[in-house]
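Visitor: I am new here. Please walk me through how two parts of this protein meet.

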Amino acid sequence: MESISVFEIIKVGIGPSSSHTMGPWNAASAFIRIIKRERSIAEVKEVFLEFFGSLAKTGIGHGTDIAGMLGLNGEDFKTIDTTKIDEKIDQIKSSQKINLGGEKEIPFIYGHHLVLNMKQSLDYHPNGMIFKAIFEDGTELVQDFYSVGGGFIMSQEKKSIEKHCIRTLYPCHKSSDIVKYCEKLGLTRISDLILMNEESWRSQEETKKEALYIWQQIKECIYKGVNKEGVLPGGLNVSRRAAGINRKLLGDKIYKNKDEWFQQVVDAEENFTNINKWISCFALAVNEENASFGRIITAPTNGASGVIPAVLMYAQAFTPFTSEDDIIRFLLVAGEIGTLFKKNATISAAMGGCQAEVGVSSAMAAAGLTEILGGSVGQVLMAAEIAMEHHLGMTCDPIKGLVQIPCIERNTMGAIKAITAANIALESDPAKAKVSLDQVIQTMWETALSMNDRFKETSEGGLAIAVNVAEC
């Protein structure tokens, strides 16, 4: 089994969906690389892109079509100016041309060269898409891709796209592996084991630097979110709430940048109600940014991107565990727990419902928090198990296919559950636990397989059809 770096699970992304925005964007970029490898961009006459299944059914709400066009246009979601996205898409549609790979302008008519096929699904995975390039000499290049959650893509021929299989020194594919190696090496902290394994990708100093970079991006995202008012795009007319909560909690306090704001949060009155509101505020801020094509931290997906930031910000603002080492250890452990779900179940809502997104992120956050609060190896894994246990069966039924209702509020609940799970685990004896993390991961996967497809990010069940929203 292939090892996965924690920074493939926790990484810089763009809203509103990792599987429906980042995945198709990555696939479009991968197709450009395939064209360059097989022929050249200069030889391409036309390019076609067809989305199937869940990608088609909720494609407009998730910006799947936008991601496909921008990826073909040679844009990178890690660096693109997110305020220019609408302008770039309007240019493609009005000119009926796309700058393929940023190198050659070719005809591109929306609805002809890009199609959302809502009547057909590809067998391999609900999030399927097919790219086709037609060259000047009439020959064709066709490639299927599947967005399998967290921005990861696959094809039927290859289980992963353009990646080298890496095996770590102490491969941890199950939680029992983590226990085994910690006992073998005499380690009392899971993060020490993960830090050693991450050396398969980069040095320990580079790993620590990357974790602190992620933390700065988290702070930046939350800061943007708590300072934006207005209505989220998409037609549901959902109002941003994080800014209002932030304003009420801080009163008349003034700040000029994210560091000054963070200090104001740290210095704010601490009581249970206020801290609870701050946690919700942090999660709302991130997911409101995500819903508006903002740059966020995918952890492990975009729909669940507010949970880990909210819990880590809670730890930094309201607990004594605020060092850079605590930040690093939190993210390493959280990321590792995410890899267990990725390898043994799914982190795709189109495969497993929202338990695969908010449920996984809550388990990740619970483990990370328990690690820095001094939990044992067993307690850290127990916290992750508790958090997931109480998300089992959660469906994904977004209204109008938008990552807004119920997605945004679910992140606040996932964060609170993570903190509660950590507190329970810290007061418990893991030796007396009746359910292991490996067992709950397996149960989550079996639940996903049994779940009706209407509740797997298709907007054909649950709240998506219970709430009648007129098309805009």
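**Where the domains meet**

Guide: The side chains of Lys57 and Glu460 meet in a salt bridge, N to O at 3.3 Å. This is a predicted model, where local features need pLDDT of at least 70, side-chain atom pairs count only at pLDDT 80 or more, and totals for chains, interfaces and linings use all residues. Residues are numbered from 1 along each chain as its sequence is written, and side-chain values use heavy atoms, with hydrogens and water left out.

Visitor: Why is the Lys57 and Glu460 pair called a salt bridge?

Guide: The term asks for a side-chain nitrogen of Lys or Arg within 4 Å of a carboxyl oxygen of Asp or Glu. Lys57 and Glu460 are at 3.3 Å, N to O, so the pair qualifies. The rule finds 1 salt bridge across the interface of domain 1 and domain 2.

Visitor: What makes domain 1 and domain 2 the parts of the chain?

Guide: An automatic or database domain assignment sets the bounds. Domain 1 is 18–155, and domain 2 is 175–200 + 202–466. Their C-alpha centres lie 30 Å apart.

Visitor: How do you know that domain 1 and domain 2 are in contact?

Guide: Contact means heavy atoms within 4.5 Å. By that rule, 25 residues of domain 1 touch 21 residues of domain 2.

Visitor: What does "buried" mean for the area between domain 1 and domain 2?

Guide: It is the accessible area (1.4 Å probe) that two parts lose on being put together, summed over both. Here that comes to about 1,700 Å², with carbon and sulfur atoms giving 59%.
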